[in-house]
Amino acid sequence: MEKKTPLYEVHVSEGGKIVPFADYLLPVQYPTGILAEHEAVRTQAGLFDVSHMGEVMFSGSTALASINHLITNDYATLGTGRMRYGILCNECGGCIDDLIVYKFGDEEYFVVVNAANREKDVAHMAANALPGTVVEDVSDGIAQLALQGPRSRDILSRIADPTRLPEKYYSFVRHVSVAGTDCLVSQSGYTGEFGYEIYTSAENAVTLWGAIRGAGEGFGLLPCGLGARDTLRLEASMPLYGHEMDDQTTPLEASLGFCVKFAKDEFIGRDALVATGAPSRIRVGLVATGRGIIREHQDVYVGDRHIGTTTSGTFAPHLRRAIAMAIVDVTCATTGTEMEVDVRGHRVTARIVHMPFYKHA
Amino acid sequence: MAHVPEGLRYTTSHEWISEQGGTYTIGLTDYAQDALGDLVFVNLPQEGDRVIAGETLCDVESVKAVSDVFSPVTGTVSEVNEALADSPEMINETPYEAWIARIEGVSEVEDFLDAAAYVAFCEKE
């Protein structure tokens with residue numbers, strides 16, 4: 001039986017097309033459609049319910065040491081009010097999940113994980129946290145909305161004190177009053193666009209959604225579903241767990257080496273990653289040069305040589321072309337390399353391009 | 001409820017059919033385009049393709065997924081709507097004008113539904 005977020009009834013009344021995703025019933029799109037929702041985020045603003053995401057609190061005198069033991073990035077240099085991406089690795093260096101750590105204080109960290117991985121993550125975290133750290137899954141009490149797009153600040157400023165909004169990317173402010181509800185507001189998101197992620201108690205979700213929708217009138221705000229969330233993140237070449245990475249893929253293979261800090265003395269998976277050395281396959285971005293849309297799990301060739309597999313692919317609504325990500329042999333991973341993708345039995349030509357495919361102004 | 005014009009015939013795989021002088025014109029119904037969402041690519045058949053009733057005629061792609069279009073008849077593709085190559089969204093906007101292919105030399109046809117039967121079928125989907 002799928003779960004519902006606190007906004008389920010709102011999505012139905014907004015005309016959302018509901019699908020099961022990560023054990024939740026969520027809207028894949030609203031009546032305006034994925035293309036319009038995608039473009040709203042690129043040019044105006046879009047509002048997403050991402051309450052299915054998991055949230056885990058780490059607290060106690062050893063909270064930082066536990067975070068640094070569990071996650072590949074280095075959180076010793078993270079300031080209070082700042083957030084940082086990282087990977088939860090297993091002992092073999094495979095990815096259990098990717099996540100974001102918010103530092104509330106020296107002994108208090110708020111960790112946001114993927115919905116589909118939440119139970120697995122919490123079990124792994126609880127089993128491997130150091131003595132003196134309390135790991136608590138607080139997901140069920142928290143709703144999360146993402147307000148994304150260039151008009152996001154204008155919209156939020158109508159219902160919150162603009163001087164209280166986070167000024168820097170990957171920073172956050174706690175206890176911001178948004179339409180009278182107590183919220184954590186971070187400047188972050190999964191769209192490649194300017195925007196905010198807003199966390200509040202589950203019982204405030206309907207009030208907050210309604211207030212943002214009202215404040216968005218005149219700013220071109222559209223409610224956006226999972227469909228646009230996926231095309232937006234893909235256009236921004238952001239990885240999605242289960243696609244660009246999984247427990248058989250290392251963060252280095254997923255081209256996420258920027259968040260693996262070997263300078264740290266130790267973290268789970270470090271020994272395996274060091275022993276393996278430079279990866280033999282890495283994630284690249286592809287643009288189709290032939291006609292056709294490349295999708296996930298399609299074979300990639302240079303001539304007759306099979307060099308890898310696509311991990312995600314779609315028609316990029318803003319760029320108006322077919323894009324994909326693939327994990328390929330590192331010897332064929334140079335920008336500009338021409339390759340072919342087997343799209344249901346016929347070959348579509350593609351070229352490796354720099355990521356991100358799209359970067360906002 | 002999706003629009004279902006009276007004068008056309010329909011399949012349970014959501015194609016519409018219009019027959020005139022032995023030429024069968026095939027498109028996707030309003031119900032189909034709504035279920036598929038924004039279409040962004042039509043992989044058109046080619047003139048001269050031999051097609052078989054109940055088998056794939058071509059495919060269409062929405063942002064999210066690829067879907068087959070099935071040929072309701074056995075015959076030869078005599079004409080394709082090339083405008084769809086550049087403007088697949090025409091299927092979303094005007095599904096009963098945005099025909100995909102015309103088929104001639106038809107030797108076999110599927111059992112078609114009339115408008116009332118198709119409406120009843122969609123209501124059960």
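Student: Which residue in β8(A) does Gly54(A) stand opposite?

Tutor: The model is a predicted one. Gly54(A) faces Val113(A) in β8(A). The strands concerned, β5 (residues 54–59) and β8 (residues 108–113) of chain A, run antiparallel and are joined by six bridges.

Student: In what order do the strands of this open sheet lie?

Tutor: The order is β6-β7-β8-β5-β9 in chain A, with antiparallel pairing. Because β6 (83–89) and β9 (134–137) of chain A each have a single partner strand, they stand at the edges, and one side of each lacks a neighbour in the sheet. On average, neighbouring strands are turned by 30° against each other, direction ignored.

Student: Which strands does helix α4 of chain A lie across?

Tutor: Helix α4 (residues 118–128) lies across β5, β6, β7, β8 and β9 of chain A, at about 170° to β9(A). Helix α3 (residues 63–70) of chain A lies across β5, β6, β7 (95–105) and β8, at about 130° to β5(A).

Student: How should I read the largest nonpolar core, and which residues have the most contacts inside it?

Tutor: In soluble globular proteins, nonpolar side chains tend to be buried together. Here the largest nonpolar core has 138 residues, and Leu145(A), Leu147(A) and Ile294(A) have the most contacts inside it. Strand β18 (residues 321–329) of chain A gives the largest share, seven residues. Among the residues that Leu147(A) touches are Ala45(A), Ile198(A) and Ile212(A).

Student: Which residues of helix α6 of chain A are buried?

Tutor: In α6 (residues 205–215), the buried residues include Leu208(A), Trp209(A) and Ile212(A).

Conventions. Residues numbered from 1 in each chain as written. Chains lettered and ligands numbered in written order. Predicted model: local features only at pLDDT ≥ 70, side-chain atom pairs only at ≥ 80, totals over all residues. Core = buried A, V, L, I, M, F, W, Y, C linked by C-beta atoms within 7 Å. Buried ≥ 20, exposed ≤ 12 C-beta atoms within 10 Å, placed from the backbone. Helix = DSSP H or I, 4+ residues; strand = E, 2+ residues; numbered from the N terminus. Contact = placed C-beta atoms within 7 Å. Pairing = 2+ DSSP bridges. Axes fitted to C-alpha atoms, helices over the stretch in contact; angles between N-to-C directions. Lists of a residue's contacts leave out its neighbours within four places in sequence.
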